[in-house]
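Here is a short briefing for a first look at this protein. Please keep the structure in view while reading.

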Amino acid sequence: MDNIYDFYSRKSKRYFGIILGLLFLTAACSPKIEKSEEESITIPIAEIKKERYEMADYFPGVASGINNVEVRPQVSGYLDKILVDEGAYVKKGQVLFIIQEKTFQETYQSATASTEMAQSLVKKGQIEYDRIKQLERANVLSNVQLQTAKEELDFAKAAVRKAEADEKLAAIKKSFTHIIAPVSGYIGRIPYKKGALVGLQEKEPLTVLSDISEIHIYFSMSETDFLKFKSHYSGSTIEEKIKRLPPVQLQLPDESIFSENGKIDLVLGQFDAHTAAINFRATFKNTGNLLRSGNTGRIILPKYYDDVIKIPQSATFKIQDKIMVYTVEKDNTVHLASLKIRDKDEHHYVVSEGVDIGDRIVSKGADRLKEGQRINPVNE
């Protein structure tokens, strides 16, 4: 029995040795994989350089015609005719409304008659004065009588002037029954109907007439944006800066760009206490009368930078409140760099500190990396 046990024991040891030897041989023949190669991934990179860059700021705005005129009656009366419809385009001088003019016509005719009567009295007084003057020269009548006739003639002439003034006033009031367009433009809402009593005391105008041959776009800047505006554009005063501003564009609600460029021509004098913003105005030629008062859009104000570093926002990420980027060293390891942002638009940062000319940065895929990792860089 002992011999059999020894036989199997020796045989097991021999098999175990063979298996162990095979394991060592396999390990020795297998290729070694460097840890750095396991961690290395292919990542696109870009080299930092200075360049001229055009960017833009966007500000929401509201359109207003260059002239929004309230059309109001200058005399009281019943609205006899409405000659235009809401939304219609009218020309300056075109008749819009007619107030019942019968009363004003009668007043005018009465004033005309009064003028004619006064003129007749002047003629009569002139004849009397001339007659007494001849008699006074012949010493038939006294000088006192001549002076009295002169006073009566002067009174009659004054009465004519008053009558003529009353006639002109009556004519003016009569003309006010025809309400005309003070400017060319589009008719707004008409709150009154034919037969309504209208007058000077009514709160609502007959309509509002909008001259939209040109359009003002009013927009505002926050205090921060206004400080950037003052520092970026040249000029010692706001007026000088405005004169040197480039043309602006208007982005419509469908994100299309209005066909005409505009010009910023006004900055209001103070900030709004409620919104902490200051208002600007840009003026556009309204080609085709496409824009109307009340339209909305975004003012696009371009800005130009010479010899600056710009980095795509897609290459950056945030750690707390800091903007970070990965720089690529000569040995292709990546390291975090914190950027100081000078300006930004929807796609890029303009950088003042954090990277230098000639530095390489990871342009995409930064979220796949960690500090000190080695990469296989590929130039974009």
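β2 gives the largest share of the lining of the largest pocket, 4 residues. This is a predicted model: local features need pLDDT of at least 70, side-chain atom pairs count only at pLDDT 80 or more, and totals for chains, interfaces and linings use all residues. Residues are numbered from 1 along each chain as its sequence is written, and side-chain values use heavy atoms, with hydrogens and water left out.

**Largest pocket**
- The largest pocket holds about 250 Å³ of space. A pocket is an open set of points on a 1 Å grid over the protein atoms alone, where a 1.4 Å probe fits, with protein on both sides within 12 Å along at least five of seven lines. Its volume is the space filled by probe spheres set on the points, which are joined across faces, edges and corners.
- The lining has 15 residues; lining residues have an atom within 4 Å of a point.
- Asp-57, Asp-225, Lys-303, Asp-343 and Lys-344 lie nearest the centre of this pocket.
- At least two lining residues come from each of β2 (50-71), α5 (223-232), β13 (296-312) and β16 (334-344). Helices (H or I, at least four residues) and strands (E, at least two) are DSSP runs, numbered from the N terminus.
- By class, 7 lining residues are nonpolar, none polar and 8 charged. Ala, Val, Leu, Ile, Met, Phe, Trp, Tyr, Cys and Pro count as nonpolar, Asp, Glu, Lys and Arg as charged, and the others, Gly among them, as polar.

**Second largest pocket**
- About 190 Å³ of space lies here.
- β13 supplies the largest share of this lining, 3 residues.
- β1 (41-47) and β13 each give at least two lining residues.
- The lining divides into 5 nonpolar, 2 polar and 5 charged residues.
- Among the lining residues are Ala-46, Lys-310, His-348 and Glu-380.

**Helix α3**
- Helix α3 covers residues 102-137, and its 36 residues should span 52 Å at 1.5 Å a residue. The expected span is 1.5 Å times one less than the number of residues. The end C-alpha atoms of α3 are 53 Å apart, which agrees.
- The buried residues of α3 include Phe-104, Val-122, Tyr-129 and Glu-136. Buried means under 20% relative accessible area (1.4 Å probe, protein chains only).
- These buried residues pack against α4 (143-175).

**Whole protein**
- The protein has 6 helices and 19 strands.
- Of its 380 residues, 32% are buried.

Conventions:
Buried means under 20% relative accessible area, exposed over 50%, partly exposed in between (1.4 Å probe, protein chains only). Contact means heavy atoms within 4.5 Å.
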